[in-house]
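Student: I'm new to this one. Can we go through what the labels mean?

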Amino acid sequence: MFLACGSATAVTVSFETGEGFPDGDGASISGSVPAGVVTGWSLTGDGNKGTGGFEIDHGPGGTGFGDEANPLTGSQFGLARGDDNGEIILTMDLDNAASNTLQSLYYANRGTYPPQLTLEYYGLDENLLGSDVFTAANPNASPSAGVGLGPAAGNTHGYNQHFQLIEPTSLFAGKAMSKVVMRSHSTGGTGSGHFAVEDITLAASSGVVLTDYVVGFETSEGYNGTDGGPVTANGLVTDWGLAGAGVGTLVIDQGPGGTGFGDEDNPPEGSQFAMSMGSGNGEHIVTMDLVNSANLSLQSFHYANRGNFPPKLTVEYFGLDEQSLGTEVFTEGSNGGVAVGLSAGYGQKFQLITASAQFQNAPLSKVVFTSEHDSASNLGGHFSLDAITFKSTQVIPEPGSLALLALAGIGLVGLRKRLS
Ligand SMILES: [Ca+2]
Ligand SMILES: [Ca+2]
């Protein structure tokens, strides 16, 4: 892991004429400005019908709404203005050659209360890295009614527009970005998300790549290749802990006809998955311990149930301080399934489970999966897992290079022995 000195090359986009922006309240913003930093601005969204656009605003009394906040720096900012209810989406395309990251921006809302800002970040490969959702009130306005707002006021809108500092959460901090999409809307049903943006600071990325890390229980990852073989610590998983009244063993399963029950679903990824086999009635608790330094945050996984109806799956997330961040409970089936991890005919059926946004951005020390029968009869909670997908802020060594590292370690031990 290496860290570049980002602040040395930080650039702040403030929508001033000196940066190449047009002079004039209401002037349309488009094209590659500032040159070498941004390659394009575009405004879309269902709130942006008709003549709405992304334009220069001079602050109070301007052509935008008239009740805007003052510019923070210079005499201009950007106004993303729609002319209809719905979401307003501003895309800031970045010059990939600069390998910049979004450090911060200032957002003010002039839509309909209560507002929400979502930032979507795209990596240099143009794929979505992930997103942050901002709804918390402005800590620097007293009192603030919501994100990008000051107090309730007597103007036509009812709330003061107030620029608020917005910063990406730790998962995205420092990551190289090809574009940032700002989505603004009202969470109160119909209403618009008009917003102003000012002083967007971009800095050199840290060079640390955000990558996917998938635990798929395949032999290519180093897992046992035998149906019924043990699932052991491997890669960035340091331990599989088993607990609960019903839990027995965690084994490799290769699908229908396997040693598990014989009526398993097909692997949703590759040719193997993990199955928690039972020792009796009661819950199955499987703890997946992770390498903390990899900053793994859980995105999704596939779950199949082979217990007894009705099943219940609980996922508990633990932060890098080893403390619980919270839990999510899943009981609903998908695609016609009668319940989570089951088909329409009560058979084992892998179901994609997606962590909610608040957990997707949280680096974890461990994940605890609890599968149980959700009734007083307390039957078994046998279940299967596959394609447990994380985001990681560490570059993950290939399985081959992990093996090479292990061999190098053995070689080094041998060398030391010979030298001593
Ligand atoms: Ca400005
Ligand atoms: Ca698999």
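This is a predicted model: local features need pLDDT of at least 70, side-chain atom pairs count only at pLDDT 80 or more; totals for chains, interfaces and linings use all residues.

Student: Why is G59 called buried?

Tutor: A residue is buried if 20 or more other C-beta atoms, placed from the backbone, lie within 10 Å of its own. G59 has 21 such neighbours, so G59 counts as buried.

Student: What does G59 touch, leaving out residues up to four places away in sequence?

Tutor: E68, A69, N70 and P71; contact means C-beta atoms, placed from the backbone, within 7 Å.

Student: What makes a set of residues a nonpolar core?

Tutor: The members are buried Ala, Val, Leu, Ile, Met, Phe, Trp, Tyr and Cys residues, joined through C-beta atoms within 7 Å. The largest such core here has 47 residues, and A80, L90, Y107, Y121 and V197 touch the most other members. Its largest share, seven residues, comes from β13, a strand (a DSSP run of E, at least two residues).

Student: How do you know that β20 and β23 pair?

Tutor: Pairing takes at least two DSSP bridges between two strands. Nine bridges join β20 to β23, running antiparallel. E316 stands opposite V368 in β23.

Student: Why are β15 and β21 at the edges of their sheet?

Tutor: The open sheet's order is β15-β18-β23-β20-β21. β15 and β21 each have a single partner strand, so one side of each is left without a neighbour in the sheet.

How values were computed
Residues are numbered from 1 along each chain as its sequence is written. Chains are lettered from A and ligands numbered from 1 in the order in which they are written. A residue is buried if 20 or more other C-beta atoms lie within 10 Å of its own, exposed if 12 or fewer, and partly exposed in between; C-beta atoms are placed from the backbone. Two residues are in contact if their C-beta atoms, placed from the backbone, lie within 7 Å. Helices (H or I, at least four residues) and strands (E, at least two) are DSSP runs, numbered from the N terminus.
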